[in-house]
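Visitor: I'd like to go through the helix packing and then the charged pairs here. Could you take me through them?

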Amino acid sequence: MGAISQAWSKSKWYRVALTAAILWFVLRFAVQVIYASGMMPELTGEDGLPMDIPVYLGAAQKFIEGQNLYPQDLSDSTFHYPYSPPFAMLSTFLLLFSPRVIAIGGTCLSVGIYALLYWRWMKIFERLSLPGVVEKMAYTLPVWLVFSAFWGLVAYLNIGIFVALVATLLVEGILQERLKWSAALAAFLLASKIMWLFPLGLPLLVGRRKFFLQLLGLTALFYAGLVGVSMLVAGPGYILQQYADYVVHLQRIASEFPWHVRDAIPFLGYNHSIKQVFVFLLGEHSWVLGLATLVKILILLPFGLLCWRLLRTPPEQDFHTLKLTLVFCLYLAAFIWLDIVWEVLLGVAIFPFVLTNLDKTWQKWLAWGLFLVYAFVDLIQFLSYMIGGDSLVVMQGAYVLSDPSLHLPMTMLVILMFYAFLLSSLRKTSDGKSA
């Protein structure tokens, strides 16, 4: 990539930072392969598998055997299955392999998918003629290599990395108005992690209403086909019952989620949703849950008003900056609304875009400072453990006490920071003051 070569030739500090990040990436990847191979049972647990593999394999086995996919008890949120019945059907191909092969292969595949994620966002910025963002993408490559949200998903072998790539391809497909391809990608997201369907709002907001309606219709058709195939495989009665349980399950998550409460657990934990923060500070009461919902509505209200304005008077020109600002705002808005927020993976693509559009020095310092702390959480955890050992690890190894994100809602702070910066930019671009 030309932008990376230019950055390498221009800056000594960049060469130092990228070299150090590559060395860390190689070391971290080697540790992760060892982790996945089961050679660290004190870290990986008794079965030596990343924690999300049993979830996918268990759902696949239950689907084949016609058992209920969704648990009655949500007290342990780590192991419950939160996806649709067709996704369980798609997961059955995993049963062809041993769990150990899945763990090692999935770790290597995750790294490849992450490389594709970087490459596709670089291509999106290049295609939209945003040279400043392309340059920032090159200069932030070291941040991509150490990014904590990525390594956290690799440690669990969660499909979030693959879903982020699918959503990125969906953004790209919508920008190019590739109808069938976009609908197929959207149907997969609808079957897996529905909050990642955020790009579907873009064509409506920029005045491409015909394409928007066509995309919705074809997505529904593709998804119906996926449901139909699952009915052929497992029987209509089973799939319909599981869908009923699936809807109830999604509703129960918000009301029965095992919230961290300060009286019981002395630190916030890794769910950084607005509702979790309010519950931790004020206690688990119905009025606190209602207050958290009200706060979320108030935060999203300015974006909703700007969207309403765009719906009434779509932009007359093809503002590339406006399109990407809307895409990223839709993504952040979805995660602001969620009650369970573990990470903000696309934040690493939003970061260079935001940096390019910031004018004030204090804003740039804030963006760099807060995001780098969030990006380095994995590095902080690793080095802390190497220095302090088990004395820094509590509650069955799930928490490292030196981790700043254990005590502060770093994920939500990053989300809200980006949201505020992008909302300000959106006001300008929607007014036609910048292109």
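**Helix packing and salt bridges**

Guide: Helix 6 (residues 99-127) and helix 7 (residues 131-139) have axes that come within 8 Å and cross at roughly 160 degrees, in what is a predicted model.

Visitor: How are helix 6 and helix 7 oriented to each other, then?

Guide: They are roughly antiparallel, because an angle over 145 degrees is counted that way, and the crossing of helix 6 and helix 7 is left-handed.

Visitor: Which residues make the contact?

Guide: Helix 6 contributes Tyr-118, Trp-121, Met-122, Phe-125 and Glu-126, while helix 7 contributes Val-133, Val-134, Met-137 and Ala-138. Sorted by class, the contact of helix 6 with helix 7 has eight nonpolar residues, no polar ones and one charged.

Visitor: And what about helix 11 and helix 13, at what angle do they pack?

Guide: Helix 11 (residues 179-191) packs on helix 13 (residues 209-234) at an angle of about 55 degrees, and their axes are 8 Å apart. The two are therefore oblique to each other, and helix 11 passes helix 13 in a right-handed crossing. The residues of this contact divide into 13 nonpolar, three polar and one charged; among those on the helix 11 side are Leu-179, Lys-180 and Ala-183, and those on the helix 13 side include Phe-211, Gln-214 and Phe-222.

Visitor: Switching to charges: how many salt bridges are there in the whole structure?

Guide: A search of the whole structure finds seven salt bridges. In one of them the side chains of Arg-120 and Glu-172 meet, at 2.3 Å from N to O, and that pair links distant parts of the chain, with Arg-120 in helix 6 and Glu-172 in helix 10 (residues 160-175), 52 residues apart.

Visitor: Is Arg-120 buried or exposed?

Guide: Arg-120 counts as buried because its relative accessibility is 14%, and Glu-172, at 6%, counts as buried too. Salt bridges that share partners also join Arg-120, Arg-127 and Glu-172 into one network.

Conventions:
Residues numbered from 1 in each chain as written. Predicted model: local features only at pLDDT ≥ 70, side-chain atom pairs only at ≥ 80, totals over all residues. Heavy atoms only, no water. Axes fitted to C-alpha atoms, helices over the stretch in contact; angles between N-to-C directions. Helix = DSSP H or I, 4+ residues; strand = E, 2+ residues; numbered from the N terminus. Parallel < 35°, antiparallel > 145°, perpendicular 65-115°, else oblique. Left-handed = near helix turned anticlockwise from the far one by under 90°. Contact = heavy atoms within 4.5 Å. Nonpolar A, V, L, I, M, F, W, Y, C, P; charged D, E, K, R; others polar. Salt bridge = Lys/Arg side-chain N within 4 Å of Asp/Glu carboxyl O. Buried < 20%, exposed > 50% of the residue type's maximum accessible area, 1.4 Å probe, protein only.
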